[in-house]
Amino acid sequence: MAMANSAMLQGASFLQNKRVGIQSNQEWQMGSQYNLGRHVGFQHRQRWLSPGPKITIFNLRNPGSARAEPQAVAADLEPEAKSAPRESNGTSGRRRHSDQNIREEARVLGTGVSQGFSAKYVPFCSGSKTEEEYSLDEVVYRSRSGALLDVQHDMDALKMHDGKYWRNLFDSRVGKTTWPYGSGVWSKKEWVLPEIDNDHIVSAFEGNSNLFWAERYGKEILGMNDLWVKHCGNSHTGSFKDLGMTVLVSQVNRLRKMNKPVVGVGCASTGDTSAALSAYCAAAGIPAIVFLPANRISIAQLVQPIANGALVLSLDTDFDGCMRLIREVTAELPIYLANSLNSLRLEGQKTAAIEILQQFDWEVPDWVIVPGGNLGNIYAFYKGFQMCKELGLVNDIPRLVCAQAANANPLFLYYKSGWNEFKPVTANSTFASAIQIGDPVSIDRAVYALKNSDGIVEEATEEELMDAAALADLKGMFICPHTGVALAALTKLRSKGIIGLNDRTVVVSTAHGLKFTQSKIDYHSKAIPDMKCTYANPPFPVKADFSSIMDVLKKNLALL
C-alpha cells in the first residue's frame, strides 16, 4: 500500500511539473470517478478530446481521508492534452484560446457540476412537521396554507466539508474571471443555487462590493473606532437588488431553456428592483414587466428600466397597490413574479453577509445595521450569517438592527409593542423611497431574524435621515437616503449606549447616492419644507474678480 501511494504521488508530481491536468476550483471526492477527457485538455477551436480513461481521484495530501480540500488534482491524460494552452484565470496555468469566451471555457472544463448539493422550497418556519416541499423548477410563491416559502439547502451534504474547506474555497474565487465565480454571488454557488447549469446563469459579476472604513464619520460624529459601511450600491445597477436578481433571472432562464411556460418576468417596484430586473432580463433576452407607483421614484431610478427595454406601467397608486396588482396579474398570466415574495432573491442577497465575514478575515462583527422596507433583506443577512455558523465557518453571528423610516415604520411599531400585534400602516412620503412600504411582505421573516439574532428595530425621521446622509457625504461618502436611515439609527443607538465605542459595526448601504441626487440638491439648496438642512453646503455667488474671490477664500478657509 505504501509503495502504491508513493508511486501515485510521484506520478502526480511529474504531471504537476508538466503543468497539465490540473483541475482548478473543483472539489473532488475520494473515490469519485470522472472521465477527464470531458473536463480538461481542450484544443484549438474548442475541439473536444476523445474520452480518456476513467480514473479514481484521491486526496493526495491525505490518501486515507474521505474529505477533500480545494487543491490541484493531477491525472493521467491523453498525450494531446499535455499540449493544451495555458490558462491565466484559474490556478492551473492554462489559458483559453482567444476565440473562446469564459462561458465556453467553463463548459469545456466542466465547472458547473453540482457535486450532490441541492436545494428546494419549503414552507417558511412551519411550526409543525410537514412534508410539503417543491422543486425550485416549479413556479410557486406560497405554501398551500398561504405561508411564505423558504429555500432549504441540503445541509447534510454541505456538512460533508468542514468550515475550513468552505472558507478556502470561497476565498480562492475572489477576484477571478472564471465563469461564473467572478461574481460575489456565484462564488458561493453551492450555497445559492447549486443545481443550475453554468450555461443558464445570468451574471454581471455583481457583488464583491467595497467594505468602507468610515474613519472620520465614526471618530468625529459617533466616537467610534471600528465603523464600516458595506457599499452594496457599488453594483451593476447601483443597488443591492442585483445580488438577488442574478439568481432569480438565472432560474427563469433555466426554466425557459426547459420549455416551461414563462413568457416574462414582472415586479412591482419603488425603483431599485425594477432597475435590477430590467438589466438582467435584458442581458438574458427575457421580457421584463414593471409596475411603478407614478411620481414617487427618482428620475434616475425610472430611466433605468426604460433604458433596458422593460415594459413600464406607471400606476396611480403606492407600492402596496402595485404589489397587489402584480400578484393578480402573475396569477393569471405566465409571468414570473420577481418581488421578494419570491424567496430565490434572498439566496443571492444573503451572500453580502458572507462577504462581510470574508472581508473581516472570517471574524464576526458585533453589529450589522440594515435599512428595512419590504423586510426581505434583514432575513437574507441573518440567513447568510447563520449558514456560516452552522457550517463551521464562524462561531457566532452579529446582532442585527433593522432601520426604518418613521414615515413607513410598521416593523418598528410592532417591535415597540413587544411583538404583540402587527398592524400594517399607510406609508407616508419619505426620501428613502425604496423602503416606503406600509405592509411588508416579509414581516414574518424579519421578526424571525431579529428574534434569533437578539436584534433591535430603530427608526429615523426625515430630518434625521437627511442630516445623517449629509454628514456622511461631508466625511467622504456619497450615500443614498436609505443608508441615511441606517446611520441615523446608529446615532440613536450610540447615544443610548446600546452600541459601544469599540463595537465593530457595519452599516449596510443599499443603493448608490447617484440615484438620489435630487434629494441632495433639495437639501443643499435648503428647498425642503419644514427642514433646517443643518449641514447644507450651497455654492457661494461671487463676483468674477480676484479681490472678491480672495475675500471669500480667506473667510471660509480661516486664512485671515
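1. Strand β12 (residues 399-405) runs parallel to its partner β13, and the two are joined over five bridges; strands count as paired if DSSP finds at least two bridges between them. Strands (E, at least two residues) and helices (H or I, at least four) are DSSP runs, numbered from the N terminus. In general, strands of a sheet pair through backbone hydrogen bonds, either parallel or antiparallel.

2. Please keep in mind that this is a predicted model, in which local features need pLDDT of at least 70 and side-chain atom pairs count only at pLDDT 80 or more, whereas totals for chains, interfaces and linings use all residues. Residues are numbered from 1 along each chain as its sequence is written, and side-chain values use heavy atoms, with hydrogens and water left out.

3. The open sheet has six strands in the order β5-β6-β14-β11-β12-β13, and its pairing is mixed. Because β5 (211-213) and β13 (456-460) stand at the edges with a single partner strand each, one side of each has no neighbour in the sheet. On average, neighbouring strands are turned by 25 degrees against each other, direction ignored. Helix α17 (residues 481-495) packs on this sheet, where it touches β6, β11 (367-371), β12, β13 and β14 (505-509), and its direction makes about 115 degrees with that of β13. Contact here means heavy atoms within 4.5 Å, while axes are lines fitted to C-alpha atoms, for helices over the stretch in contact, and angles run from 0 to 180 degrees between N-to-C directions.

4. Helix α6 (residues 215-222) and helix α16 (residues 462-474) have axes that come within 9 Å and cross at roughly 125 degrees. That angle makes α6 oblique to α16, given that angles under 35 degrees count as roughly parallel, over 145 as roughly antiparallel, 65 to 115 as roughly perpendicular and the rest as oblique. The contact involves Arg216, Tyr217 and Ile221 of α6 together with Ala468, Leu471, Ala472 and Leu474 of α16.

5. Helix α16 also packs against helix α18 (residues 517-524), at an angle of about 95 degrees and with the axes 11 Å apart, and the two are therefore roughly perpendicular to each other. Here Met466, Asp467, Ala470 and Asp473 of α16 meet Ser519, Lys520 and Tyr523 of α18.

6. Is Cys232, at 4% relative accessibility, buried or exposed? Cys232 counts as buried, a term for under 20% relative accessible area, with exposed meaning over 50% and partly exposed in between (1.4 Å probe, protein chains only). Cys232 lies in the loop between β6 (227-231) and α7 (241-257).
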